[in-house]
Amino acid sequence: MFGKLLKYDLKAVGRIMIPCWIGMFLTGILWAHEDLKYDSYVSGHYYMETTSEISEDMLMILGLLFVMLIALALIMNLIVVIQYFWKGLLKEEGYLMFTLPVTERSLILSKAVSAMLISAGTLTVGILLVVAIEIMSKTEMQDLLEFYFDGFDTYWQGILFVVILLLCNMLKGIYMLYAAMSMGQLARKNRFLCAAGAFCCLMVGTYVFQTIIMYAAALISGQDMLYAFENNAVMFGCLAAEIVIFHIITEYILSNKLNLE
């Protein structure tokens, strides 16, 4: 049943996000192509006033469209994450979802996994676009890896670290949204506004929690706060604890306090 729930969620959100990804990627490639062609006109002594004006106009149009599509993809990603949890579990559709022979945990996990995959898809398209543009500009892969991951022992270590860190932060953000929306359901009126307020409170609480953990880690290790902040074990431990706490809040409210009226 969990697999069916996940398949349903992914199919629903995929119809929205896949066109955004394709549009963003293709527009980015076209913009990079025009930018490189314009640079070749100027630097290669092929500069002509008419050609320059056409290239500048095309570059400006594609650049504006590219920025708009990036913003659209990010905004739609956020809307999809919020909407499919809010409408699917906390509004009218919740009556149907909670009659299914699955636990509240499975419902939450299905939404979280689908939101995570969609967010990871947006991130992946963005990374592929950056790599494609760098390759089009004839940047050597060695130079590209050195630019982004020079501070790590190996490039693969840097790539793995960045990917895991991004995924953990994305999952934390998704669960924070879920916990805030669930807390908003405890109010009798203006539930969405209350959910926004709860999200702000959770953000502040997260910052306070991380500060306390970092300070405690610094005291235990006998080092300063900078050492604790740069300690990967402490950082990932905080992220894991926050994800678990937000999941517990969400599951508890959906299991015991949810009012769909």
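The following conversation goes through a predicted model of one protein chain.

Q: On to salt bridges. How many does the structure hold?
A: The structure holds two salt bridges. In one of them, the side chains of Glu251 and Arg105 meet, with 3.0 Å from N to O. Glu251 belongs to helix H9 (residues 232–257) and Arg105 to helix H4, and the pair links distant parts of the chain, 146 residues apart.

Q: Is that Glu251 buried or exposed?
A: Glu251 counts as buried because its relative accessibility is 16%, and the cut-off for buried is under 20%.

Q: What about Lys172, which residue does it pair with?
A: Lys172 forms a salt bridge with Glu242, and their closest N and O atoms are 3.3 Å apart. Because Lys172 lies in helix H6 and Glu242 in helix H9, this pair ties together parts that are 70 residues apart in sequence. Both Lys172 and Glu242 are buried.

Q: Where is Met176, and how far is it from Ile249?
A: Met176 is found in helix H6. The C-alpha atoms of Met176 and Ile249 are separated by 9.5 Å, while the two residues are 73 residues apart along the chain. With 5% relative accessibility, Met176 counts as buried.

Q: New topic: how much space lies in the second largest pocket?
A: The second largest pocket holds about 220 Å³ of space. Its lining includes Leu74, Asn77, Ser119, Met170 and Leu177.

Q: Which helices supply that lining?
A: Helix H2 (49–89), helix H4 (104–136) and helix H6 (155–184) each supply at least two residues of the lining of the second largest pocket.

Q: How do the lining residues of the second largest pocket divide into nonpolar, polar and charged?
A: Seven are nonpolar and four are polar, and no charged residues take part.

Q: How many cavities of 30 Å³ or more does the structure hold?
A: The structure holds one cavity of 30 Å³ or more. About 60 Å³ of space lies in this largest cavity. Its lining has 11 residues, and those nearest its centre are Val80, Tyr84, Lys111, Ser114 and Ala115. Helix H1 (2–43), H2 and H4 are the elements that give two or more residues to this lining.

Q: And how does the lining of the largest cavity look by class?
A: The lining of the largest cavity has eight nonpolar residues, one polar residue and two charged residues.

Q: Moving to the surface, which residues form the nonpolar patch?
A: The nonpolar patch on the surface is formed by Val204, Tyr207, Val208 and Ile212, which together have about 420 Å² of accessible area.

Q: Where is Val208 found, and what is its relative accessibility?
A: Val208 is found in helix H7 (residues 191–221). Its relative accessibility is 42%, so Val208 counts as partly exposed. A patch takes residues with over 30% relative accessible area, so the 42% of Val208 passes that cut-off.

Q: Last one: what is phi of Asn190?
A: Phi of Asn190 is near 50°, which is a positive value in a residue other than glycine. Asn190 sits in the loop between H6 and H7.

Q: Is Asn190 buried or exposed?
A: Asn190 is exposed, because its relative accessible area is 56% and exposed means over 50%.

Technical notes:
Residues are numbered from 1 along each chain as its sequence is written. This is a predicted model: local features need pLDDT of at least 70, side-chain atom pairs count only at pLDDT 80 or more; totals for chains, interfaces and linings use all residues. Side-chain values use heavy atoms; hydrogens and water are left out. On a 1 Å grid over the protein atoms alone, a cavity is a set of points where a 1.4 Å probe fits but cannot get out, and a pocket is an open set with protein on both sides within 12 Å along at least five of seven lines; lining residues have an atom within 4 Å of a point. Grid points are joined across faces, edges and corners, and a volume is the space filled by probe spheres set on the points. Helices (H or I, at least four residues) and strands (E, at least two) are DSSP runs, numbered from the N terminus. Ala, Val, Leu, Ile, Met, Phe, Trp, Tyr, Cys and Pro count as nonpolar, Asp, Glu, Lys and Arg as charged, and the others, Gly among them, as polar. Patches are made of residues with over 30% relative accessible area and no salt bridge: like charges are joined within 9 Å, nonpolar side chains (Val, Leu, Ile, Met, Phe, Trp, Tyr) within 5 Å. Accessible areas come from the Shrake-Rupley method with a 1.4 Å probe; for residues, only the protein chains shown count as cover. A salt bridge is a side-chain nitrogen of Lys or Arg within 4 Å of a carboxyl oxygen of Asp or Glu. Buried means under 20% relative accessible area, exposed over 50%, partly exposed in between (1.4 Å probe, protein chains only).
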